[in-house]
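Dear colleague,

I am passing on a structure for you to look through, together with some notes. Please open it first and then read on.

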Amino acid sequence: MVQPDVAVRNLRPAVSSDLLIDGELRPGSGGTFEIVNPATEEVIGLAADGTTDDMDAAIAAARTAFDTTSWSRDHAFRARCLRQLRDALQGHIEELREITIAEVGAPAFLTSGPQLEGPINDLGYCADLAENFAWETDLGRAEPMGIPNQRVIKREAVGVVGAITPWNFPHQINFAKIGPALAAGCTIVLKPAPDTPWCAALVGTVIATETDIPAGVINIVTSSDHEVGAQLSTDPRVDIVSFTGSTATGKAVMTAAAASLKKVFLELGGKSAFIVLDDADLKAACSMAGFSVVTHAGQGCAITTRLLVPRERHDDAIRYTREAMAGLEAGDPTEPGTICGPVISAVQRDRVESYIALAKDEGGTVEIGGGRPEKQPKGFFVEPTLISGLDNSARAAQEEIFGPVLVIIPHDGDEDAIRIANDSPYGLSGAVWGTDPDRIAHVVDGVRTGTMSVNGGIWYSADVPFGGYKQSGIGREMGALGFEEYLETKAVATPA
Ligand code: NAD
């Protein structure tokens, strides 16, 4: 192992970041591409532009490391490597924080949680899983067809993981795949989003220079070309594709993976409902709904973007939500008090603005926001925006916008609220606010989503499985269930 020298090592590359393939840091065969700070529109650096040849080499390295080394069977060694990686990354935390804010446009306050520190700390949870998991279960004797047999169930690593990730919470999503996959004994090729290559590439530098993780066990291929990621879905040497991103791309991944019938794990989009019951503290609920949707400029798959309020309190709800959003202006993500930073790119800002225009065309009223903040002449900022006057069938209420845009919709009681919440192709997350525990429990049971928050409850944690119903995905990430996604099951019988 190369000894860490945190005092002198600077993760910010002098020229370009590198790819990590077969234990080596190397330039991309396609040269480099620029990384733009979404808050300033300035180029902050260059990333290695991986090609299909680079991806081919990365998949080969992962396959060889899985097939020819003891990595998948040495549980104690893997646990040690995971803790070593966590500790090495923690040694670089301030540098990573600065780079993450600059590359993602993530508000600084989120980096002490899911944007950085949370997922790095959670590598320890993954190490514990590897150490404590029941890799073998003795089923005892049975006499099928009158013949006594001793049966054992073994759990084994799936093999080579193709991990494809988006830009909104790059560390959270990269580590929610890397941690459990390594703990399970898999080897990995990670293809991060073109908008946030450094968050992954700099982790690759730490892996290569400060850990004992063997060559080929983790490979990181940054690229400006989406097709390089698509290779992971089709290549027969990849055993499982673990994808997080939009539902449209998830469908393309699943279709492409069908040819080699590989396992597919999908974390996709959402259009989650925030339900306010008529016995709730309306002001507190609407303030929370406004806060949630502007956090990280609404670029969170599980953010609640439809606010369902009692019809008779609709006008008050608009007023309270507008007041809350007015105090949460989009601003500089490096400021500790900023909740709403920029969206990731000009393309994404165009998309959000086109949805606001569409909402108006559909008959919606912009209650607050709807434009670009005057105080931010540079950067891809969108004002926190509240839209009323639409029903749930409007496209702005059905489709994922991925910006700080909240649609407020009246409901006519608990059953109606459940009906509207479920009237969506998605089923990722949701929230309910109220007083009566029985009514709350009824709503929680009725809404078909992978997570529910009650009166502001926070489900995000290393041991909580996260994922979606319906078109929000297949499978669960994090927690013991997320770890088991990377395992196969083998039944072994011996005559007794
Ligand atoms: P995206 O689907 O455009 O891209 C995601 C990743 O897929 C990127 O790395 C991209 O390069 C790659 N890609 C693009 N085309 C591909 C193809 N044909 N085959 C293989 N890979 C391909 O998503 P995005 O715009 O980067 O991220 C935003 C989306 O991610 C939103 O829809 C959001 O809801 C979703 N998301 C979901 C979760 C979740 O856990 N459910 C978490 C975060 C983000």
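How many salt bridges does the rule find across the interface of domain 1 and domain 2? The rule finds zero there, where a salt bridge is a side-chain nitrogen of Lys or Arg within 4 Å of a carboxyl oxygen of Asp or Glu.

Please keep in mind that this is a predicted model, in which local features need pLDDT of at least 70 and side-chain atom pairs count only at pLDDT 80 or more, while totals for chains, interfaces and linings use all residues. Residues are numbered from 1 along each chain as its sequence is written, and side-chain values use heavy atoms, with hydrogens and water left out.

Domain 1 covers 19-268 + 473-495 and domain 2 covers 272-461, with bounds that come from an automatic or database domain assignment. The contact (heavy atoms within 4.5 Å) takes 29 residues from domain 1 and 27 residues from domain 2. Across this interface the rule finds seven residue pairs in polar contact, both residues being at pLDDT 80 or more; a polar contact is a pair of N or O atoms within 3.5 Å, and within protein one must be able to donate a hydrogen and the other to accept it, while residues adjacent in sequence count only if both atoms are side-chain atoms.

As for the ligand, a polar side-chain atom of H226 lies 2.6 Å from one of its oxygen atoms, and a polar side-chain atom of W167 lies 3.1 Å from a ligand oxygen atom. For G245, a backbone N or O atom lies 3.4 Å from an oxygen atom of the ligand.
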